[in-house]
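Please look over the sequence and the structure shown here. A short report comes after them.

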Amino acid sequence: MNKVFYRSLLPILLGILIGGASFYPFTYTNPISMSLIGGIKRNQWVTHFDLAMKNQNPWLRNYIAFIGLLGSIRPEVIYLEAMSDDDGVKLSGENDYVLRGIPPKSRYWSFVIYNYENSRIDPFEETVANSFRSTIKDNGEYEIILTANPEKYFGKQIINHGNNNFTIIMRIYGPDLNYYEDKNSIPIGRIKKVSPHG
Amino acid sequence: MGNWIIKFIGTAILIHGLLIWIGPEIVMRKLDRDLEAAKIFESECGERWVDGIFYINPSCLSNKQSARKPNPDFLYFLIPYDLSNGDLFVSTSVPPNDRYWSIHAHNRNTDAFYRITNTEINGERFEFLITKNKNKTSDIPIAYATSKKGVILNRLVMKDFSEYESLDIFRRSTFREYR
């Protein structure tokens, strides 16, 4: 009985375990899935031009189903996702950040933060900055503060992370079609840690 | 030992591949359950199901596991369909081009097989048909599905959250029927 277990059942059981464990990273945003699925990388931002399309790879289809079911498709949108600041450190609810960049040429763009469970953070109305409500500075850039303490930044454009660790999605709807031809022309944001708060 | 390793690696690859393959279906089934549960009226969520169309209320999204990374700026409506009942006709209002609006139709495996946005539409209403019949012709746009079941998803951007009530009325002029 022991011999049968070690020769036949054990490798199968271990195979099931490893097969399941290797599937798990493709169900949420993490460095493993972001590096293995492929896609287009610009600094800490990752995007997938063939998302939700027939020719996408099965790992991407699975990943998108779990993190953002029923995504828009090219040429309707470019989604960019980041989980770290410009220094490569994971975005933390313990810190404040400033997000700066040039607005993309598009019909509508937004930045929204989510927690690691792929869910929104409440109050959800405070987790978004977009092309309709963001002011553009004289140098042509938006400047958005990511913080749990909006009162510290009176008059600034704020996203409230409420002390949650988070990832950030940039959505570019109706993008300039040249972005698909030249990925380096997509104007991505810079994320700098400001200071630990509290 | 060789057989042992083959069994181990073979099983691991098989299980990994199987899970990756059925992953989207797992999430779609969760969506089915969430949509079914939303048929129970909750006063804070308003009338969400109307004539086969599910109008998502942003305030009632956060506790739904199938609602992953929703855009807070968007008002969504969903039309789950089953083409066993016939071809699906959809008619809906279209806003002016200063506001992003789109329709996507997704197969059961989540792939989108049809999309259109308001800048591609002339007029204030859009009508289209979803069918599996490749030979079907019509005087309105046709979206050819490759699976019997699927979902239509509409996105309508709110420039400001104060627009919710007026845009909610706007999107609810949508109509769908099997033909």
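**Model and conventions**

This is a predicted model, in which local features need pLDDT of at least 70, side-chain atom pairs count only at pLDDT 80 or more, and totals for chains, interfaces and linings use all residues. Residues are numbered from 1 along each chain as its sequence is written, while chains are lettered from A and ligands numbered from 1 in the order in which they are written.

The model has an ipTM of 0.86 and a pTM of 0.89. Chain B has a mean pLDDT of 91, with 97% of its residues at 70 or more; pLDDT is the predictor's confidence in each residue, from 0 to 100. Where pLDDT is low, predicted coordinates should not be read in detail.

**Chain A**

Chain A contains 4 helices and 10 strands. Helices (H or I, at least four residues) and strands (E, at least two) are DSSP runs, numbered from the N terminus. Their order from that end is α-α-β-β-α-β-β-β-β-β-β-β-α-β. The C-alpha trace of chain A spans about 75 × 45 × 30 Å along its principal axes. Of its 198 residues, 40% count as buried. A residue is buried if 20 or more other C-beta atoms lie within 10 Å of its own, exposed if 12 or fewer, and partly exposed in between, with C-beta atoms placed from the backbone.

**Interface**

At the interface, 48 residues of chain A are in contact with 41 residues of chain B. Contact means C-beta atoms, placed from the backbone, within 7 Å. On the chain A side, α1 (2–23), α3 (58–68), β5 (108–114), β6 (128–130) and β9 (167–173) each give two or more residues. α1(A) gives the most, with 11 residues.

A:Ile73 lies in the loop between α3 and β3 (77–82) of chain A. A:Ile73 counts as buried because it has 21 C-beta neighbours inside 10 Å. Beyond four places in sequence, its contacts are A:Leu51, A:Ala52, A:Met53, B:His104, B:Ala112 and B:Arg115. A:Asp50 is 23 residues from A:Ile73 in sequence and 7.2 Å away in space, C-alpha to C-alpha.

**Core**

The largest nonpolar core has 78 residues. Such a core is a set of buried Ala, Val, Leu, Ile, Met, Phe, Trp, Tyr and Cys residues joined through C-beta atoms within 7 Å. A:Phe111, A:Ile113, A:Ile168 and B:Ile152 have the most contacts inside it. Leaving aside neighbours within four places in sequence, A:Ile168 is in contact with A:Ala82, A:Leu91, A:Phe111 and A:Ile113.

**Sheets of chain B**

Two strands pair if DSSP finds at least two bridges between them.

| Strands | Order (chain B) | Pairing |
|---|---|---|
| 6 strands | β1-β2-β3-β9-β5-β6 | antiparallel |
| 4 strands | β8-β7-β4-β10 | mixed |

Strand β5 (101–107) of chain B runs antiparallel to β6(B), joined by 5 bridges. B:Ile103 is opposite B:Ile116 in β6(B).

Strand β7 (125–131) of chain B runs parallel to β8(B), joined by 3 bridges. B:Leu129 is opposite B:Ile142 in β8(B).

Terms used: Contact = placed C-beta atoms within 7 Å.
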